[in-house]
Amino acid sequence: MSDAVQPTAAEVRAAAEAVKTALDRHLAAVERRTGDDDPAVYEAFNELAAAAEEYDELLYDRYDEVTPFEIPGSDDTLPPYTGPEEPNALSVVIRRDYSVVEPQRLLAQAQRVEAVEEDGATATEGFDAASGTVHGALGVLFGEFEPDEIASRHKEFGLEEGDSTLWVTAADEPADPGEWLEAPFESIDPHRVVCRFDVSAVFDDESDDDDLDDLGSEEQTDPQDADH
């Protein structure tokens, strides 16, 4: 890189100060968080990621050095927001995955629901009902309960949570009725995503791998073999 485009030492120092400020803001947001999906924490996280990335780039361009940490940013998953600054409408798109780990529990819960609906029949009478199969039981439960209630009571229904994602997108006007129902996810414009929240076991696995790496480094007796 030529000296003409190389960042100055002052620019690198300013980027370092920006990281410090972003760290303080992120900690303050975490201390004041109101829940697992607090948007203030999400915003502070993205600001910290952007500041760290900027500092890392300038540090490398100026001194050919890198930082010892890596903060994943939203740029890897979402392009810059170009939607309306004052949206008149919004869409919330959610996907939650589950595994059926206790089919008998699932069937029993669905039969209880149908028992109430079958004019006094009980779950033990064996009436011809949709809840007699796993896919039928799923239809009964998801037809009876709201998705959020299923999520909060999934263990009662014999389900195990998998990955989930929630996208909030901005729009100029509400969509026409029925316009997107056949393909809800295909209508998402990534440039209009206001925020996104992902939950995945992959994140836990990565954390566990990091912990194992740390333990492995501690057990090394030869400094030359240690992973720095």
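This report describes the fold, the packing and selected residues of one protein chain.

## Basis of the model

The structure is a predicted model, in which local features need pLDDT of at least 70 and side-chain atom pairs count only at pLDDT 80 or more, while totals for chains, interfaces and linings use all residues. Residues are numbered from 1 along each chain as its sequence is written, and side-chain values use heavy atoms, with hydrogens and water left out.

## Overall architecture

The protein chain contains 6 helices and 3 strands. Here helices (H or I, at least four residues) and strands (E, at least two) are DSSP runs, numbered from the N terminus. Read from that end, the order of the elements is α-α-β-α-α-α-β-β-α.

Of the 228 residues in the chain, 25% count as buried. Buried means under 20% relative accessible area, exposed means over 50%, and partly exposed lies in between (1.4 Å probe, protein chains only). Contact means heavy atoms within 4.5 Å. Among contacts with a separation of 6 or more, 70% are made by residues 24 or more positions apart.

Helix α1 covers residues 9–31 and has 23 residues. Its first and last C-alpha atoms are 33 Å apart, close to the expected 33 Å; the expected span of a helix is 1.5 Å times one less than its number of residues. The buried residues of α1 are Val12, Ala15, Ala16, Val19, Ala22, His26 and Ala29, and they pack against α2 (39–63).

Helix α2 has 25 residues, and its end C-alpha atoms are 36 Å apart, in agreement with the 36 Å that it should span. Its buried residues include Val41, Tyr42, Asn46, Tyr55 and Leu59. The elements covering the buried residues of α2 include α1 and β3 (193–199).

## Nonpolar cores

In soluble globular proteins, nonpolar side chains tend to be buried together. A nonpolar core is a set of buried Ala, Val, Leu, Ile, Met, Phe, Trp, Tyr and Cys residues joined through side-chain atoms within 4.5 Å. The largest such core in this model has 11 residues: Leu106, Leu107, Ala110, Val113, Ala137, Val140, Leu141, Phe145, Ile150, Phe157 and Leu159. Two elements, α3 (103–117) and α4 (134–144), each give two or more residues to this core. Helix α3 provides the largest share, with 4 residues. A second, separate core of 10 residues includes Val12, Val19, Tyr55 and Leu59.

Which residues does leucine 106 contact, leaving aside its neighbours within four places in sequence? They are Val100, Val134, Ala137, Leu138, Leu141 and Phe157. Glutamine 109 is found in helix α3 and is buried, with a relative accessible area of 15%. Apart from neighbours within four places in sequence, glutamine 109 is in contact with Leu141, Glu156 and Phe157.

## The second largest pocket

A pocket is defined on a 1 Å grid over the protein atoms alone: it is an open set of points where a 1.4 Å probe fits, with protein on both sides within 12 Å along at least five of seven lines, and its lining residues have an atom within 4 Å of a point. The second largest pocket holds about 370 Å³ of space, where grid points are joined across faces, edges and corners and the volume is the space filled by probe spheres set on the points. It is lined by 18 residues, of which Ser91, Thr169, Ala175, Trp180 and Ser187 are the closest to its centre.

Strands β1 (89–100) and β2 (159–171) each supply at least two residues of this lining, and β1 gives the most, with 5 residues. The lining divides into 11 nonpolar, 3 polar and 4 charged residues; Ala, Val, Leu, Ile, Met, Phe, Trp, Tyr, Cys and Pro count as nonpolar, Asp, Glu, Lys and Arg as charged, and the others, Gly among them, as polar. Threonine 169 is located in strand β2 and is buried, with a relative accessible area of 11%. Not counting residues up to four places away in sequence, threonine 169 touches Ala89, Leu90, Ser91, Ile188, Arg192, Val193 and Val194.

## Two loop residues

Aspartate 64 lies in the loop between α2 and β1 and is exposed, with a relative accessible area of 53%. Most residues other than glycine have a negative phi. Aspartate 64 has a positive phi of about 60° although it is not a glycine.

Glutamate 102 is in the loop between β1 and α3. Is glutamate 102 buried or partly exposed? It is partly exposed, with a relative accessible area of 36%. The C-alpha atoms of glutamate 102 and glutamate 156 are separated by 9.5 Å, and these residues are 54 residues apart along the chain.
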